[in-house]
Amino acid sequence: MATSQVETVTTGADKAKLFAAVAIVLASIAGFYVLGKQGPLVQWAALLLGLALAVAMFLVSEHGRQFIAFARDASREVKKVVWPTRKESLQMTGYVFAFVVLMALFLWFTDKTLEWVLYDLILGWRK
């Protein structure tokens, strides 16, 4: 049964949260370069902390909640998939390889036949 999709209107607070998340990402990237003289540990800590804060800000917005719901639905659907066994996978792979070899031989034979007809019979060019 499909879930019904309800379209929500983005409020000013959600827009502010998204803007803040983008601003935090930009500030953390800028901080990474500004803190270059402090050492790589401080640089990476500032960047990762800023990115984590931006992700948290995004996830509390309406778009973040919709993303989380989508991820849960996708995870639930993946669990419903019936995956092939190892034997079935190997058999199908073998069929594909066999088909590729047969098609390669067919195309080679067709190419050589056309070459013989065009160059030897029609044009009279001998090799």
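Is phenylalanine 32 buried or exposed? Phenylalanine 32 is buried, with a relative accessible area of 15%; buried means under 20%, exposed over 50% and partly exposed in between, using a 1.4 Å probe and protein chains only. Before going on, please note that this is a predicted model, where local features need pLDDT of at least 70, side-chain atom pairs count only at pLDDT 80 or more, and totals for chains, interfaces and linings use all residues. Residues are numbered from 1 along each chain as its sequence is written, and side-chain values use heavy atoms, leaving out hydrogens and water.

Searching the whole structure turns up 2 aromatic pairs. Rings of Phe, Tyr and Trp (its six-membered ring) pair if their centres lie within 6.5 Å, and planes under 30 degrees apart count as stacked, over 60 as edge-to-face and the rest as tilted. Phenylalanine 32 and tyrosine 33 are edge-to-face because their planes stand at 85°, with ring centres 5.2 Å apart. Tyrosine 33 counts as exposed, at 62% relative accessibility.

Phenylalanine 32 also forms an edge-to-face pair with tryptophan 44, at 5.1 Å centre to centre and 70° between the planes. This pair links distant parts of the chain, 12 residues apart: phenylalanine 32 sits in helix 1 (residues 12-34) and tryptophan 44 in helix 2 (residues 40-59). Helices here are DSSP runs of H or I with at least four residues, numbered from the N terminus. Tryptophan 44 is partly exposed, at 46% relative accessibility. Together, ring pairs link Phe32, Tyr33 and Trp44 into a cluster.

Conventions. Helix = DSSP H or I, 4+ residues; strand = E, 2+ residues; numbered from the N terminus.
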